[in-house]
Structure formats: C-alpha cells, structure tokens
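Here is a short report on aromatic rings and their neighbours. Please look over the structure first.

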Amino acid sequence: MRSFQRSAWPTCRQLVALEPKSLGSEFPAVRHPALGLLRRGSSNRRTFTISTWVKRSALGSNKVIISASNGGNRDWIQFDNDDLTVAKYNGGYEYRFITNRKFRDVSAWYHIVVAFDTTQGTESNRVKIYVNGTQETSFEIASYPSQNFDTNYNTVSLSQNISKDWDSSNYFD
C-alpha cells in the first residue's frame with residue numbers, strides 16, 4: 001500500500017492506482033479506485049450546482065474536471081486547451097459552452113461553479129458558469145439545453161467521474 005504525507009497530496013493518477021480500502025481516513029469521501037462517485041440513488045437532474053476548486057498543473061487538450069457518462073452519452077466540464085468547456089454529447093451536442101476567456105495560468109487556483117436549472121423558461125438562465133465569483137458571459141459557443149432537460153449528473157445509471165473521462169482517459173493532473 002502507498003501512503004502520502006498530508007503536505008504532498010497525490011495526483012489523480014496515483015489515487016487511481018490505489019485500492020479503495022487504502023484511501024481510508026486520508027480521503028474518506030473517495031471510495032472507488034477510478035475516482036467514480038458511487039451513488040445510492042438518483043437525484044435531481046435538472047436543478048443542481050457543481051462547485052470545485054482546480055489548479056492546472058499543465059496545459060493541454062481535454063483535461064476533464066468532472067464527467068457523467070457511459071461513452072457516447074456524456075456530460076462533462078473540462079479544460080480544452082485554454083478554454084473552459086461545459087457540454088453534453090449524445091450523437092450531437094444537447095448543450096455546449098466554450099468560454100472566450102482563456103485559462104493559462106498554471107500557478108492559479110480557479111473556483112469553478114456551474115449552476116444548472118433547466119426548469120427555467122428563459123434559455124440563458126438554464127446554465128450559468130462562474131469562475132472565481134465572476135459569471136462567464138462571453139462564449140465562443142453558447143448552446144443551451146431545452147427546458148426541463150435531464151442531464152446525466154445525479155443518476156445511478158451512468159458513471160459519475162471526478163478528474164477523468166468515462167473511459168479512464170483525459171485525467172486532470
């Protein structure tokens with residue numbers, strides 16, 4: 001079993017290599033070697049918020065922050081090169097946002113919040129993206145989900161992943 005000092009947190013790839021039981025008290029919320037979220041039941045798929053702090057260690061394409069998928073049917077939040085992307089693809093994009101703002105500072109922490117409320121009648125209120133407390137309003141692409149759209153997040157029928165894509169690729173390291 002590998003062990004880590006609190007001052008030297010492991011990378012996501014190191015965590016994936018661990019057995020679930022060896023994460024124990026160091027990472028009590030993580031119980032799966034692939035950093036998948038194990039859920040007991042489905043929850044609200046229309047109205048919820050995802051909030052996370054991330055620090056980029058390297059620039060490059062497709063660095064997944066969180067995803068929910070089974071392959072071809074997938075939702076994700078990721079850095080795609082220098083852009084922040086929030087999207088769902090299922091044979092075609094069902095919603096998709098690519099920021100005009102660039103995220104190139106590997107020494108900075110970013111607080112990313114994505115608020116979903118697909119019950120809203122006004123299209124622009126269905127998905128809101130904030131970085132470090134500022135709402136992103138300038139997009140290269142802004143394609144909103146339909147009203148009352150069900151995302152893949154918060155369901156037991158699809159893999160819910162932190163820091164990787166559905167196929168254990170595109171790690172956020």
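What follows covers ring pairs, a ring cluster and charges over rings.

## Model and ring pairs

This is a predicted model. The structure holds twelve aromatic pairs. Two of them are described below, each by its geometry. A pair of aromatic rings is described by the distance of the centres and the angle of the planes.

## A stacked pair

Start with Phe-48 and Phe-116. Their ring centres lie 4.7 Å apart, and their planes meet at 20°. Planes under 30 degrees apart count as stacked, so this pair is stacked.

The pair links distant parts of the chain. Phe-48 belongs to strand 1 (residues 47-55), while Phe-116 belongs to strand 6 (residues 109-117). The two residues are 68 residues apart.

Both partners are buried. Phe-48 has a relative accessible area of 12%, and Phe-116 has 3% relative accessibility. Buried means under 20%, so Phe-48 counts as buried and so does Phe-116.

## An edge-to-face pair

Tyr-89 and Tyr-93 also form an aromatic pair. Here the distance is 5.0 Å centre to centre, with 75° between the planes. The arrangement is edge-to-face.

Tyr-89 is partly exposed, at 33% relative accessible area. Tyr-93 is partly exposed too, at 39%.

## One cluster

Phe-48 and Phe-116 are members of one aromatic cluster.

## Charges over rings

Arg-96 lies over the face of Tyr-93, 4.1 Å from the ring centre. Arg-74 lies over the face of Trp-76, at 3.8 Å from the ring centre.

Terms used: Residues are numbered from 1 along each chain as its sequence is written. This is a predicted model: local features need pLDDT of at least 70, side-chain atom pairs count only at pLDDT 80 or more; totals for chains, interfaces and linings use all residues. Side-chain values use heavy atoms; hydrogens and water are left out. Rings of Phe, Tyr and Trp (its six-membered ring) pair if their centres lie within 6.5 Å; planes under 30 degrees apart count as stacked, over 60 as edge-to-face and the rest as tilted. Helices (H or I, at least four residues) and strands (E, at least two) are DSSP runs, numbered from the N terminus. Buried means under 20% relative accessible area, exposed over 50%, partly exposed in between (1.4 Å probe, protein chains only). A charge sits over a ring if NZ of Lys or CZ of Arg is within 6 Å of the ring centre and within 35 degrees of the ring normal.
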